[in-house]
Amino acid sequence: MNHRILRCCVIGSACALVAAGVLEAKLRVVSTLQDFAAIAQAIGGDRVDTFALAKGYQDPHYVDAKPSLVLHLSRADLLIVAGLELEIGYLPPLIDQSRNSKIHPGNAAYLDASIGCEILSIPTQKITRAMGDVHPSGNPHYWTDPENGRIIARTIAAKLAAIDPKGTETYRENLSAFDTTLDAKLVEWQVKFKPFAGTKVVTFHDSWPNFAKHFGLEIVGNVEPKPGIPPTPSHTLEIINRIQAQHVPVILVEPYFDTKTPKSIAARTGATVVTLYPSVGGIPEIKTYFDLFDTDLDLLVRALGGVS
Ligand SMILES: [Zn+2]
């Protein structure tokens with residue numbers, strides 16, 4: 001029996017529906033990030049069920065490899081990953097343990113969402129361990145630019161149609177609706193944030209170059225001395241000096257980092273610590289990809305003294 005047809009018929013009428021092809025199981029889409037799950041749900045509608053391995057309030061580089069995640073992967077019809085080595089610390093063993101050959105890198109049900117996206121900070125020099133957790137293919141936090149979100153939606157729609165040709169029309173219509181909403185939101189966000197373009201910020205981790213480029217923020221430093229390396233006293237002092245010299249008003253912190261150092265920097269400089277959410281699910285209110293930017297821009301505008 002086709003894997004998309006319900007396998008277990010407990011009630012006779014359900015059996016009849018399955019036999020008639022009326023009742024089809026949904027396509028099981030597993031993603032590493034909640035952002036991709038949200039976009040896949042928007043495109044797939046009621047033809048898909050989505051599940052994210054990393055929740056939006058967790059550090060996306062490090063996911064606790066629980067057996068329940070292996071179970072989700074073992075049943076997945078599609079796996080969507082950020083790629084660019086974001087998941088290198090946890091995903092390869094989970095894929096191996098799932099014994100689901102379809103979702104292995106390079107196979108039909110494995111989708112790297114970075115394809116076609118604008119990727120920043122691609123290193124031009126040889127990577128060494130001394131540089132910290134630098135990703136050799138560029139910064140993997142690219143979904144924080146909504147124009148990349150548009151590309152990701154297109155890539156997901158094409159992949160869903162390839163796996164489930166019967167849904168092609170649904171995916172095409174939902175992609176068109178996603179694009180229309182995004183176009184309207186881009187105008188709204190630009191108007192809202194325009195007065196703050198050029199604002200200098202310090203961020204905890206190097207999660208925001210795509211976001212900063214799109215919305216016109218200038219990142220002058222990170223609290224982490226190198227990606228993935230906890231703050232050190234000498235680097236913290238350098239950041240304090242930079243904030244004072246350049247009058248940086250805010251320090252942006254992802255929700256999964258300790259705010260002790262950012263708060264001590266704020267106390268020394270007068271800058272404001274703002275928790276900014278890099279992903280859908282960072283707080284329960286951020287349910288869709290559009291909610292993510294609505295929430296983050298409101299938080300920034302409020303912190304910068306505007307009316308959100
Ligand atoms: Zn990172």
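Reader: What should I know before I start?

Author: This is a predicted model: local features need pLDDT of at least 70, side-chain atom pairs count only at pLDDT 80 or more, and totals for chains, interfaces and linings use all residues. Residues are numbered from 1 along each chain as its sequence is written, and side-chain values use heavy atoms, with hydrogens and water left out.

Reader: How do I read a sheet? What is the strand order in the open sheet of 4 strands?

Author: Begin with the terms. Helices (H or I, at least four residues) and strands (E, at least two) are DSSP runs, numbered from the N terminus. Two strands pair if DSSP finds at least two bridges between them. Here the order is 2-1-3-4, and the pairing is parallel. Strand 2 (48-52) and strand 4 (110-112) are the edge strands, each pairing on one side only. On average, neighbouring strands of this sheet are turned by 20 degrees against each other, direction ignored. Axes for such angles are lines fitted to C-alpha atoms, for helices over the stretch in contact; angles run from 0 to 180 degrees between N-to-C directions.

Reader: How many bridges pair strand 1 with strand 2?

Author: Strand 1 (residues 27-31) and strand 2 share 5 bridges, in the parallel sense. Take V30 as a case: its bridge partner in strand 2 is F51. F51 has another contact, as the charged end of K55 sits over its ring, 4.2 Å from the centre. The test is that NZ of Lys or CZ of Arg is within 6 Å of the ring centre and within 35 degrees of the ring normal.

Reader: What does strand 7 pair with?

Author: Strand 7 runs parallel to strand 5, joined by 3 bridges. With strand 8 (residues 272-275), strand 7 is joined by 4 bridges, again parallel. Follow L252 in strand 7: it is the bridge partner of T203. In strand 8, L252 has V274 as its bridge partner.

Reader: Are the side chains of strand 7 buried or exposed?

Author: Buried means under 20% relative accessible area, exposed over 50%, and partly exposed in between (1.4 Å probe, protein chains only). In strand 7 (residues 250-253), V250 and L252 on one side and I251 and V253 on the other are all buried. Both faces are covered.

Reader: Which residues are the protein donors of the zinc ion?

Author: Donors are N, O and S atoms within 2.8 Å of the metal (3.2 Å for Na, K and Ca); water is not among the atoms, so sites may look incomplete. Here the protein donors are NE2 atoms of H61, H141 and H205, lying 2.1 to 2.2 Å from the zinc ion. Their spacing along the chain is H-x79-H-x63-H. H61 lies in the loop between strand 2 and helix 3 (67-74), and H205 in the loop between strand 5 (200-203) and helix 7 (209-215), 144 residues apart. H61 and H205 are both buried.

Reader: How do I read a salt bridge?

Author: Side chains of opposite charge can pair when their charged atoms come close. The test is a side-chain nitrogen of Lys or Arg within 4 Å of a carboxyl oxygen of Asp or Glu. This structure holds 10 salt bridges. One of them joins K213 to E118, with the closest N and O atoms 2.5 Å apart. K213 is in helix 7, while E118 is in the loop between strand 4 and helix 5 (146-163), 95 residues apart. K213 is partly exposed, at 49% relative accessible area. E118 is partly exposed too, at 32%.

Reader: Are D179 and R150 buried or exposed?

Author: Both are buried. D179 forms a salt bridge with R150, and the closest N and O atoms are 3.0 Å apart. D179 sits in helix 6 (residues 168-193) and R150 in helix 5, 29 residues apart.

Reader: How do I read a pair of aromatic rings?

Author: A pair is described by the distance of the centres and the angle of the planes. Rings of Phe, Tyr and Trp (its six-membered ring) pair if their centres lie within 6.5 Å; planes under 30 degrees apart count as stacked, over 60 as edge-to-face and the rest as tilted. A search of the whole structure finds 15 aromatic pairs. F211 and F215 have ring centres 4.8 Å apart and planes at 50 degrees, so the pair is tilted. They are 4 residues apart in helix 7, about one helical turn.
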